[in-house]
Amino acid sequence: MKKLSFGFIFRSGKFGLNECNKCENILLESGIEFKRDNYGIRFKEIFDDSSLKNFRKKEIMDIMWNNKITRYVVFDSEE
């Protein structure tokens, strides 16, 4: 069975790093578990069902949108 996950990559440079830091602070306040890379955030949650993953991804994207974090690329991964 495939294990599905997702994450966000921010653009490089000072602006991207600031956006990533801002996102990290918001996610920490929300109690959401994630792993931080230089310009990216990968979520530790593993999903067996793509509909559950897409629902969770949309939920987190709404949190980011509400906090004016809009410049990122979403990536999906499967193991």
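Predicted model: local features only at pLDDT ≥ 70, side-chain atom pairs only at ≥ 80, totals over all residues.
Residues are numbered from 1 along each chain as its sequence is written, and side-chain values use heavy atoms, with hydrogens and water left out.

Let me stay with α1, which covers residues 14–30; helices here are DSSP runs of H or I with at least four residues, and strands are runs of E with at least two, numbered from the N terminus. On α1, G16, E19, C20, C23, I26 and L27 are buried, meaning under 20% relative accessible area with a 1.4 Å probe, protein chains only, where over 50% is exposed and in between is partly exposed. These residues sit on the same side of α1, because they cover an arc of only 130° around the axis, taken from the directions from the helix axis to the C-beta atoms. On the other side, K14, L28 and E29 are exposed.

Now to the rings. The structure holds 6 aromatic pairs, where rings of Phe, Tyr and Trp (its six-membered ring) pair if their centres lie within 6.5 Å, and planes under 30 degrees apart count as stacked, over 60 as edge-to-face and the rest as tilted. F6 and F47 form a stacked pair, 6.3 Å centre to centre with 25° between the planes. F6 lies in strand β1 and F47 in the loop between β3 and α2, so this pair ties together parts 41 residues apart in sequence.

Note on methods:
Expected span 1.5 Å × (residues − 1).
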